Amino acid sequence: MLSTAWALRRAVETVMAIVLMSMVVLTFADVIGRRLFGAPIYGAHDITEHLMALVVFCGLPLVTVAGAHLTIDLFDRLIGQAWMGWWRALIALLVVGILCLLAWLFLRHGLNAARISEVSQALRLPRGPLYLFIGASFALSALAAAAIAITGPMVDPADNHEEDPL
């Protein structure tokens, strides 16, 4: 099971890298076309907008399962060591609840956008599937947050988060 999760994580990271690279190439070609030839790529903004959403919301469950969200330990000094486990459990429940709420809102909005045929401005790309993808990403992140609250974050033991010197 764990090896399947790692394979899935690597696959999603690869897709994210490809999408990010395609955004870079598209933006570069659009700028060159605009500046040198006076002919920007039609709809580049719409495509970039959709690709950016894919990168961000593919990454959200990965960041969640790795326990890599930005955290603030503002109240940790005020809470005694004996209560720290309860405090972390409460925060985990709150995070799961917020992610579930966001998933529900985006899924509802995606269904509504599909019903009214909401589209992007230039290329008329449908927005419903994008909102549904974002909702699914929040739902997966909620599951990941619940899982790491029980088992701990999914981290690579070989990764020490240190940069190699140039």
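Mentor: A residue is called buried under 20% relative accessible area, exposed over 50%, and partly exposed in between (1.4 Å probe, protein chains only). The model is predicted, so local features need a pLDDT of at least 70 and side-chain atom pairs count only at pLDDT 80 or more, while totals for chains, interfaces and linings use all residues. Residues are numbered from 1 along each chain as its sequence is written, and side-chain values use heavy atoms, with hydrogens and water left out.

Thr-64 counts as buried because its relative accessibility is 2%. A polar atom of the Thr-64 side chain lies 2.8 Å from the backbone oxygen of Leu-60. The side chain of Thr-64 also makes a polar contact, at 2.7 Å, with the side chain of His-69. A polar contact is a pair of N or O atoms within 3.5 Å; within protein, one must be able to donate a hydrogen and the other to accept it, and residues adjacent in sequence count only if both atoms are side-chain atoms.

Contact in general means heavy atoms within 4.5 Å. With neighbours within four places in sequence left aside, Thr-64 is in contact with His-69, Ser-141, Ala-144, Ala-145 and Ile-148. By comparison, Trp-104 is 40 residues from Thr-64 in sequence and 18 Å from it in space, C-alpha to C-alpha.

The axes of α2 and α4 are 7 Å apart and meet at an angle of about 10 degrees. Axes are lines fitted to C-alpha atoms, for helices over the stretch in contact, and angles run from 0 to 180 degrees between N-to-C directions. The angle therefore makes α2 roughly parallel to α4; under 35 degrees counts as roughly parallel, over 145 as roughly antiparallel, 65 to 115 as roughly perpendicular and the rest as oblique. From α2, the residues that make this contact include His-50, Phe-57, Pro-61 and Thr-64. On the α4 side they include Phe-133, Ser-137, Ser-141 and Ile-148.

Consider next α4 itself. Its 24 residues reach 34 Å from first C-alpha to last, close to the 34 Å expected at 1.5 Å a residue; the expected span is 1.5 Å times one less than the number of residues. Among the buried residues of α4 are Gly-128, Tyr-131, Gly-135, Ser-141 and Ala-144. The buried residues of this helix pack against α2 and α3. After α4 comes Gly-152, with a positive phi near 95 degrees.

Helix α3 is the other partner. At 1.5 Å a residue its 32 residues should span 46 Å, which agrees because its end C-alpha atoms are 46 Å apart. Met-84, Val-96, Leu-99, Ala-103, Gly-110 and Ala-113 are buried in α3, and the buried residues of this helix pack against α4. Val-96, for instance, touches Ala-142, Ala-145 and Ala-146, not counting residues up to four places away in sequence.

Leu-78 sits in the loop between α2 and α3 and counts as exposed because its relative accessibility is 70%. In the loop between α3 and α4 are Ser-117 and Arg-124. Ser-117 is exposed, with a relative accessible area of 53%, and so is Arg-124, at 56%. Most residues other than glycine have a negative phi. Ser-117, however, has a positive phi near 60 degrees, and Arg-124 has a positive phi of about 60 degrees although it is not a glycine.

Methods: Helices (H or I, at least four residues) and strands (E, at least two) are DSSP runs, numbered from the N terminus.
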